[in-house]
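The sequence and structure are shown first.

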Amino acid sequence: MSYTEEVYDRVVAQNPNEPEFHQAVKEVLDSLKIVIDANEEKYRAASLLERLVEPERIISFRVPWVDDNGKVQVNKGYRVQFNSAIGPYKGGLRFHPSVNQGILKFLGFEQIFKNSLTGLPIGGGKGGSNFDPKGKSDREVMAFCQSFMTELSKYIGADEDVPAGDIGVGGREIGYLYGQYKRLTGLYEGVLTGKGLTWGGSLVRTQATGYGLVYILDAMLKDHNMELAGKTVVVSGSGNVAIYATEKAQQLGAKVVAMSDSNGYIYDPEGIKLDIVKDIKEVRRGRIKEYVQEVPSAVYTEGKGIWTIKCDIALPCATQNELNLDDAKALKANGCFAVAEGANMPSTREATDYILEQGMLFLPGKASNAGGVGTSALEMCQNSMRLSWTFEEVDEKLQQMMNNIYEKISDAAKRYGVEGNYVIGANIAGFEKVADAMLAQGIC
Ligand code: NDP
């Protein structure tokens, strides 16, 4: 049995009931096999893989808060501090009823390689709660955030662990969390990213994941002698990543014809009117089906099915495992030639394998959505320097970062004889830097 298979079996045995974590580890280990086999003695001697798949620390805590009816509610809170070999733990907080330790471990594990790919000194972490902000009043969200931070504040810090937003955690939640951290510690420091512009936030952070996704997509298309202008694009989700991916794709001349939320999807053959989506999602916090009330020529369909819409390029930007094998087949049958992941692990393993076998272009999330965390790291830089860069400065750095990531993953794939396989390229390029740091720092 190979070293990677041994470690995978051990992960499954020692982490029962965490299928998403198993899936993420398997994908990474499978694609690292070429590198591991070539360096097996060195890595085995240091138990490098066994250490890599085990979080340095998991903090799990209770989050009690009082709802608007005066009833005490209790949620679960977590922070997974996965790997600090190349910098302080960095990764978002997710507030969603589906959150559990296994999902946060999968996200924290992916984050290690993604953060490494940005070229910036940030380690991997992730956290969150099974709290659902949907349908809660602002006061309830604040009460929850204050209670969550009361416990979390003991374990984070600007040079220690710097959380950010993720699903269910946007500007409002970051504000309440930051206010409570400051109140408890007395520190005005860059302990969270995604902050408001008047209190330490960075320009472009809101747009960064979506814009970054389109920048790296554009870099890949150019490398294959194509361009984004004139292409038809389907984007799933209608949250932060989906909205700004749509915005940048439209700016670069593509036509986005569909978006979705967890209830259903809209199809607008004329091209999505993003100001309407922004109003529904960012201002009214409504549902995507409300779009058709304002654009009667568009069609709303309840449920899944967005990937049956004909397009050239698919950008899954909602959540994990939202694009399965049947979806990938439908995309291919309709002429889609490129998939770039905005969400974390939105394609199932079977879907990814099929897409690659079919010779479609595929950018994995850990490379293509790294612009968000990369810009968060730029926010940390600005906080440390006590200054703010202009929109253009940050946007240019983001674009440069995404071009560099494309070059790194493309180069790693070539070096190991799998040209064009950006899944393997991303895992290898991300892993090499972390592995070097872990070996240099001894057994810890
Ligand atoms: P948001 O909460 O802003 O939006 C999430 C979107 O996905 C919403 O439209 C939501 O619909 C939809 N969605 C959530 N769960 C499901 C589901 N089970 N089925 C179908 N649709 C669903 O989150 P973000 O846009 O920030 O994040 C989206 C993805 O991108 C996540 O995988 C996240 O981890 C990843 N990501 C985000 C980054 C960021 O900077 N924000 C950085 C890197 C990755 P509804 O409103 O109905 O729930």
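## Ligand contacts

A backbone N or O atom of V241 is placed 3.0 Å from an oxygen atom of the ligand. The protein covers 83% of the 880 Å² of accessible area that the ligand has on its own; accessible areas come from the Shrake-Rupley method with a 1.4 Å probe, and for residues only the protein chains shown count as cover. The backbone of S238 also has an N or O atom 2.9 Å from a ligand oxygen. From R94, an N or O atom of the side chain lies 2.9 Å from an oxygen atom of the ligand.

This is a predicted model, in which local features need pLDDT of at least 70, side-chain atom pairs count only at pLDDT 80 or more, and totals for chains, interfaces and linings use all residues. Residues are numbered from 1 along each chain as its sequence is written, and side-chain values use heavy atoms, with hydrogens and water left out.

## The shell around the ligand

The ligand is surrounded by 25 residues, and the closest are D166, T209, S262, R287 and N344. A residue is near a molecule or strand if one of its heavy atoms lies within 4 Å of it. By class, the shell comprises 5 nonpolar, 12 polar and 8 charged residues. In this scheme Ala, Val, Leu, Ile, Met, Phe, Trp, Tyr, Cys and Pro count as nonpolar, Asp, Glu, Lys and Arg as charged, and the others, Gly among them, as polar.

Two helices, α8 (205-223) and α9 (240-251), each contribute at least two residues to the shell. Helices (H or I, at least four residues) and strands (E, at least two) are DSSP runs, numbered from the N terminus.

## Cavities

How many cavities of 30 Å³ or more does the structure hold? There are 2 of them. A cavity is a set of points, on a 1 Å grid over the protein atoms alone, where a 1.4 Å probe fits but cannot get out; a pocket is an open set with protein on both sides within 12 Å along at least five of seven lines, and lining residues have an atom within 4 Å of a point. Grid points are joined across faces, edges and corners, and a volume is the space filled by probe spheres set on the points.

The largest cavity holds about 70 Å³ of space. Its lining includes E27, E110, E341, M345 and K366, and the classes are 4 nonpolar, 3 polar and 4 charged. The second largest cavity holds about 30 Å³ and is lined by R10, V11, Q14, N15, E50, V53 and E54. Helix α1 (residues 3-14) gives the most to that lining, with 3 residues. The lining of the second largest cavity divides into 2 nonpolar, 2 polar and 3 charged residues.

## Second largest pocket

The volume of the second largest pocket is about 230 Å³. Of the 17 residues that line this pocket, W199, G200, G201, N383 and S388 lie nearest its centre. The lining has 7 nonpolar, 7 polar and 3 charged residues.

## Side-chain polar contacts

A polar contact is a pair of N or O atoms within 3.5 Å; within protein, one must be able to donate a hydrogen and the other to accept it, and residues adjacent in sequence count only if both atoms are side-chain atoms. N75, in strand β2 (residues 72-83), makes such a contact with W65, side chain to side chain, at 2.8 Å. D161 belongs to strand β5 (residues 161-164), and its side chain is joined to that of Q81 by a polar contact of 2.8 Å.

Are N75 and D161 buried or exposed? N75 counts as buried because its relative accessible area is 13%, and D161 is buried at 0%. Buried means under 20% relative accessible area, exposed over 50%, and partly exposed in between (1.4 Å probe, protein chains only).

M345 sits in the loop between β11 (338-340) and α13 (349-357) and is buried, at 4% relative accessible area. S47 has a phi near 45°, again positive in a residue other than glycine. The loop between α3 (40-45) and α4 (48-52) contains S47, which is partly exposed at 30%.

F391, in helix α16 (residues 391-415), is 189 residues from S202 in sequence but 8.4 Å from S202 in space, C-alpha to C-alpha. F391 is partly exposed, with 26% relative accessibility.
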